Amino acid sequence: INVISADAAVAVPVPLAPVFNNAGIYPDGVEFSGGFDDGGWACSSNLLGSAQVWNGVKFNLGSPSGSNVVTCAGQTIALPAGNFSSLQILAAAVNGDQASQNFTVAYADASAQTVTQSISDWFTPENYSGETQAINMAYRNQSDGTKDERPFYIYGYTFSLNKTSAVKSLKLPENANVRIFAVTLVP
């Protein structure tokens, strides 16, 4: 059972719908092309639902079958204004582990902070420093509507922020093998 902490009530989900650029979550039993890994495999919306809780914080997920995952390409995402202690991300890599990925948070005072984080492939957890198996999926969906009944994972990452400065934006890694499901700011 996931218990939502007091922080979850005031945590601020980052709206990713404007930057979703990949359909990586589908209902069970439907046919699709592309998928989470662009190779015909996707996460199950039946398993994930519309939200997940990790580390006591709620993460809103994209709607199934449409664009619902961010494929990283160095894009900058506007963050809700405010001062926060951490930024939490649900993500996974495809086509193997992706070591030393740079995430840069820009602040309203023109300062910036870069966090370097290695991201495990959704099938092979490497347990990198700063990485947690946030969501364990019992299977993934194949483009022909069948299931691959092996375990797959979405990982959680927490980046500490400078709480004395208001956040402005998050620049994602320039690596299409890194996929982001959700981002939430925690006071």
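Over the ring of which residue does the charged end of Arg 150 sit? In this predicted model, the charged end of Arg 150 sits over the ring of Phe 123, at 4.4 Å from its centre. A second contact of this kind involves Lys 147, which lies over the face of Tyr 139, 4.3 Å from the ring centre.

**Aromatic residues**

Phe 123 also belongs to an aromatic cluster, whose members are Phe 36, Trp 122, Phe 123, Phe 152 and Phe 181. The count of aromatic pairs comes to 8. Among them is the pair of Trp 122 and Phe 152, which is tilted, with 5.1 Å centre to centre and 50 degrees between the planes. This pair links distant parts of the chain, since Trp 122 lies in the loop between strand E10 (112-119) and strand E11 (131-137), whereas Phe 152 lies in strand E14 (residues 152-160), 30 residues apart. Trp 122 counts as buried because its relative accessibility is 3%, and Phe 152 is likewise buried, because its relative accessible area is 0%.

In soluble globular proteins, nonpolar side chains tend to be buried together. Here the largest nonpolar core has 52 residues, and those with the most contacts inside it are Leu 87, Ile 89, Leu 90, Trp 122, Ile 180 and Phe 181. Strand E16 (residues 178-186) gives the most to this core, with 7 residues, and E16 is mostly covered, 9 of its 9 residues being buried. Trp 122 and Phe 181, both listed among the core residues with the most contacts, are also members of the aromatic cluster described above.

**Strand pairing**

Strand E16 pairs in the antiparallel sense with strand E1 (residues 12-13), with strand E6 (residues 70-71) and with strand E8 (residues 86-93). The bridge counts are set out below.

| Strand pair | Sense | Bridges |
|---|---|---|
| E1 and E16 | antiparallel | 2 bridges |
| E6 and E16 | antiparallel | 2 bridges |
| E8 and E16 | antiparallel | 8 bridges |
| E4 and E5 | antiparallel | 4 bridges |

At the level of residues, Val 12 has Leu 185 in E16 as its bridge partner, Thr 71 has Arg 179 in E16, and Leu 90 stands opposite Ala 182 in E16. Leu 90 is also one of the residues with the most contacts inside the largest nonpolar core.

The remaining pair in the table joins strand E4 (residues 51-54) to strand E5 (residues 57-60), where the bridge partner of Ala 51 is Asn 60 in E5. The hairpin of E4 and E5 has 2 residues between the strands, and within this hairpin Asn 55 takes a positive phi near 60 degrees.

Conventions. Residues are numbered from 1 along each chain as its sequence is written. This is a predicted model: local features need pLDDT of at least 70, side-chain atom pairs count only at pLDDT 80 or more; totals for chains, interfaces and linings use all residues. Side-chain values use heavy atoms; hydrogens and water are left out. A nonpolar core is a set of buried Ala, Val, Leu, Ile, Met, Phe, Trp, Tyr and Cys residues joined through side-chain atoms within 4.5 Å. Buried means under 20% relative accessible area, exposed over 50%, partly exposed in between (1.4 Å probe, protein chains only). Two strands pair if DSSP finds at least two bridges between them. Rings of Phe, Tyr and Trp (its six-membered ring) pair if their centres lie within 6.5 Å; planes under 30 degrees apart count as stacked, over 60 as edge-to-face and the rest as tilted. A charge sits over a ring if NZ of Lys or CZ of Arg is within 6 Å of the ring centre and within 35 degrees of the ring normal.
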